[in-house]
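Welcome! Take a look at the model below, and then let's walk through its side chains together.

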Amino acid sequence: QVQLVESGGGLVQAGGSLRLSCAASGSIFRINTMGWYRQAPGKQRELVATISSDSTTSYADPVKGRFTISRDNAENSVYLQMNSLKPEDTAVYYCKGRISTSVGYYGDYWGQGTQVTVSS
């Protein structure tokens, strides 16, 4: 089994910062691309940022220049530094990992989500 656990969400004022963390554990052979997604109330889940196994990154337009994704392969972890937060960033944030397990399964695993609320 593989689990992803997010942490670091919370309530912050507009203009503030938060750092989200996501740690993967279990029968992991290799973690390929990792990413952060978010889902606001009444909206579909959307991509925020991704990072490949060689640390190539990509960002959704609304967060470019404000958010930074990074990873620590030794810790099987991915991070999202969020600066200059806006009320429209309010959402549940999920991490996703494309993982090869030690028993030969290859697929996407999701965390349970962490709430980020930005007040105006």
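Is Asp-61 buried or exposed? Asp-61 is exposed, because its relative accessible area is 60%. Keep in mind that this is a predicted model.

**The nonpolar core**

- The largest nonpolar core is made up of 28 residues. Trp-36, Leu-80, Met-82 and Tyr-93 are the ones with the most contacts inside this core.
- Several strands give two or more residues to the core, including β1 (2-7), β3 (18-26), β4 (28-39) and β9 (91-101).

**Aromatic rings**

- Searching the whole structure turns up 2 aromatic pairs. One of them joins Tyr-105 and Tyr-109.
- A pair of aromatic rings is described by the distance of the centres and the angle of the planes.
- Tyr-105 counts as partly exposed, with 46% relative accessibility, whereas Tyr-109 counts as buried, at 17%.

**A charge over rings**

- Look for Arg-45, whose charged end sits over the ring of Tyr-94, 3.7 Å from the ring centre.
- Arg-45 also lies over the face of Trp-110, here at 4.7 Å from the ring centre.

**Salt bridges**

- The structure has 6 salt bridges.
- Asp-61, the exposed residue from the opening question, forms one of them with the side chain of Lys-64 (3.0 Å, N to O).
- Another salt bridge links Asp-108 and Lys-96, with 3.7 Å between the closest N and O atoms. Asp-108 belongs to strand β10 (residues 106-110) and Lys-96 to strand β9, so this pair ties together parts that are 12 residues apart in sequence.
- Asp-108 is partly exposed, with a relative accessible area of 32%, while Lys-96 is buried at 15%.
- Salt bridges with shared partners connect Arg-38, Glu-46, Arg-66 and Asp-89 into one network.
- Within that network, the side chains of Glu-46 and Arg-38 meet at 2.7 Å, N to O. Glu-46 is partly exposed at 36% relative accessible area, but Arg-38 counts as buried at 6%.

Key. Residues numbered from 1 in each chain as written. Predicted model: local features only at pLDDT ≥ 70, side-chain atom pairs only at ≥ 80, totals over all residues. Heavy atoms only, no water. Core = buried A, V, L, I, M, F, W, Y, C linked by side-chain atoms within 4.5 Å. Buried < 20%, exposed > 50% of the residue type's maximum accessible area, 1.4 Å probe, protein only. Helix = DSSP H or I, 4+ residues; strand = E, 2+ residues; numbered from the N terminus. Phe/Tyr/Trp six-rings, centres within 6.5 Å; stacked < 30°, edge-to-face > 60°. Lys NZ or Arg CZ within 6 Å of the ring centre and 35° of its normal. Salt bridge = Lys/Arg side-chain N within 4 Å of Asp/Glu carboxyl O.
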